[in-house]
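Please open the model in your viewer and keep the sequence panel beside it.

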Amino acid sequence: MPVSAPVRILVPLDGSETSERALDVAADFAAALGAELVLGHVVDLARAAAMSGGEPQLVAGCLDALRQEGLAILDQSERRVAGRARVSTGIVDGSPVDAI
C-alpha cells in the first residue's frame with residue numbers, strides 16, 4: 001500500500017528554544033512535501049490558575065495575559081517560516097497534553 005505525504009503538519013509551540021528548533025525542522029519537512037504547517041499554542045489553564053495565586057478574580061486577567069503571550073509566539077513563529085511553507089495558526093485553552 002503506497003504511503004501518502006502528510007497534508008498538514010502540526011507544530012505545537014510554547015516559545016521555548018526547543019519548539020523553535022522543531023519549527024525549523026517541520027518547515028523544511030513541509031516545504032519538501034508541499035504540506036501545510038499548522039502552528040498551535042495551548043493556553044494552559046493550570047498555569048493561569050497558578051499565576052492567579054488562588055484568587056478567582058485574577059484568573060481572567062491571567063488567561064488574557066497568557067493568550068496575548070501565545071498570540072505573540074504564533075506571530076513570531078509564522079514570520080520565522082514565512083515563504084518556506086504554507087502556514088495556519090490556532091490557539092486553544094486547556095491542558096497542553098489533552099489539546100495536542
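**The nonpolar core**

Begin by selecting Ile9, Val11, Leu13, Leu23, Ala30, Leu37 and Leu39, which touch the most other members of the largest nonpolar core, a set of 14 residues. Such a core joins buried Ala, Val, Leu, Ile, Met, Phe, Trp, Tyr and Cys residues through side-chain atoms within 4.5 Å, where buried means under 20% relative accessible area, exposed over 50% and partly exposed in between (1.4 Å probe, protein chains only). Two or more residues each come from β1 (8-12), α1 (17-33), β2 (36-44) and α3 (56-80), helices (H or I, at least four residues) and strands (E, at least two) being DSSP runs numbered from the N terminus.

This is a predicted model, in which local features need pLDDT of at least 70 and side-chain atom pairs pLDDT 80 or more, whereas totals for chains, interfaces and linings use all residues. Residues are numbered from 1 along each chain as its sequence is written, and side-chain values use heavy atoms, without hydrogens or water.

**Charged pairs**

Next, select Asp24 and Arg80, which form a salt bridge with closest N and O atoms 2.6 Å apart; the term requires a side-chain nitrogen of Lys or Arg within 4 Å of a carboxyl oxygen of Asp or Glu. This pair links helix α1 to helix α3 across 56 residues, and Arg80 is partly exposed at 37% relative accessibility.

Then move to Glu69 and Arg47, whose side chains meet in a salt bridge at 3.0 Å, N to O. Glu69 lies in helix α3 and Arg47 in helix α2 (residues 45-51), so this pair ties together parts 22 residues apart in sequence.
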